[in-house]
Amino acid sequence: MNRVAAVITAMMLLIAATGPARAQGASVEDSIAAYREMLADDNPAELWEIKGKEFWAKKRGPKNASLEGCNLGLGPGVVKGAFAQLPRFFADSGRVQDLEMRLVSCMIDLQGLSRAEAEKNHFSTDNDASDIEALSAWIASESKGMPIALPQAHPKEKEAFAVGEQLFHYRAGPYDFACSTCHSSSGTRIRLQVLPNLTEPAEAKAIFASWPAYRVSQGTVRTMENRITDCLRQQRMPMADYGSQVITDLTVYMGVQAAGGQMAAPGLKR
């Protein structure tokens with residue numbers, strides 16, 4: 001069965017299952033979880049992982065170099081387990097960086113690309129696939145099963161967490177929304193979309209561990225950077241620049257909340 005047929009079949013089974021599930025007292029969330037489990041063995045993100053691994057070794061830029069010497073926090077070229085400890089502070093950049101910003105730094109330093117070239121197509125569109133999203137999918141997959149363990153030893157890492165926590169609860173914009181407006185209570189949802197309580201470690205672990213993820217509705221892999229950017233859009237907040245410290249700090253807050261969770265990315269989302 002090809003992927004499209006698998007998705008259609010799973011959706012039909014979900015529709016058929018929700019009626020009996022309700023009659024038997026099972027929640028809609030249980031039915032949605034079953035739907036995702038049916039698709040889990042056929043996650044299209046695997047195609048992005050393959051592309052990302054190839055792109056990591058591809059020589060590019062004025063320096064005709066690959067990214068194989070990129071230090072993701074565990075030493076030059078070490079990918080295994082690195083994603084489970086990001087974002088983190090990097091002395092060479094003087095910043096706390098998430099995976100995407102670290103990759104941009106490596107493209108600039110190792111390959112000689114300009115920032116604009118490195119950040120080109122950072123989010124996939126209908127016409128252009130994102131190399132950074134593919135890299136993120138593969139690098140994340142190399143941390144599967146490992147515990148989430150964002151470091152908090154450096155003062156800038158502690159600062160990022162503190163600022164991220166403030167931002168998470170900061171209300172602003174025309175709707176007077178904060179991240180916490182939707183994500184600080186358990187058992188809530190918008191239509192069929194569950195709204196996880198990211199202030200609760202158990203729920204934060206499950207969510208943080210599953211990004212980046214393949215989004216069925218968009219037909220591509222999306223990263224946490226993309227997810228937070230879209231949340232800001234939905235709040236009608238000013239759009240953050242790609243690589244904004246605001247997004248990194250929010251990611252640090254969520255990652256520290258999720259400490260000890262087991263990495264399972266790339267995940268599969270609606």
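Predicted model: local features only at pLDDT ≥ 70, side-chain atom pairs only at ≥ 80, totals over all residues.
Let us begin with the chain as a whole. It contains 11 helices and seven strands. The chain has 270 residues, and 47% of them count as buried. If you take the contacts between residues at least 6 apart in sequence, 66% join residues that are at least 24 apart.

Now look at which side chains of α3 are hidden. The buried residues are A45, W48, E49, G52, F55 and W56. Viewed down the axis of α3, these buried residues fall within an arc of 130°, so they line one face of the helix. That face packs against several elements: the buried residues of α3 meet α4 (99-111), α6, β5 (213-215) and β6 (220-222). Turn to the other side of α3 and you find L47, I50, K53 and E54, which are exposed.

A disulfide is a covalent bond between the sulfur atoms of two cysteines. The structure holds one of these, formed by C70 and C106, with 2.0 Å between their sulfur atoms. The angle about the S-S bond is 75°, and the link of C70 and C106 is right-handed. This pair ties together distant parts of the chain: C70 belongs to the loop between α3 and β1 (88-90), while C106 is in helix α4, 36 residues apart. Both C70 and C106 are buried.

What about C182? It takes part in no disulfide, and the nearest cysteine sulfur, that of C231, is 7.9 Å away. With a relative accessibility of 22%, C182 counts as partly exposed. For C231, the closest cysteine sulfur is in C179, at 6.7 Å, which is too far for a bond. C231 is partly exposed as well, with a relative accessible area of 22%.

Finally, the aromatic rings. A pair of aromatic rings is described by the distance of the centres and the angle of the planes. Six aromatic pairs turn up in a search of the whole structure. Why is the pair of F123 and Y242 edge-to-face? The ring centres of F123 and Y242 are 5.5 Å apart and the planes stand at 90°, so the pair is edge-to-face; planes over 60 degrees apart count as such. Here too, distant parts of the chain are linked: F123 sits in the loop between α5 (115-118) and α6 (131-141), Y242 in the loop between α10 (224-234) and α11 (245-257), and the two are 119 residues apart. F123 is buried, at 18% relative accessible area, and Y242 is buried at 14%.

Two further spots deserve a look. F161, F168 and Y253 form one aromatic cluster. R102, for its part, lies over the face of F90, 3.9 Å from the ring centre.

Key. Residues numbered from 1 in each chain as written. Heavy atoms only, no water. Phe/Tyr/Trp six-rings, centres within 6.5 Å; stacked < 30°, edge-to-face > 60°. Helix = DSSP H or I, 4+ residues; strand = E, 2+ residues; numbered from the N terminus. Buried < 20%, exposed > 50% of the residue type's maximum accessible area, 1.4 Å probe, protein only. Lys NZ or Arg CZ within 6 Å of the ring centre and 35° of its normal. Arc of directions from axis to C-beta. Contact = heavy atoms within 4.5 Å. Disulfide = S-S within 2.5 Å.
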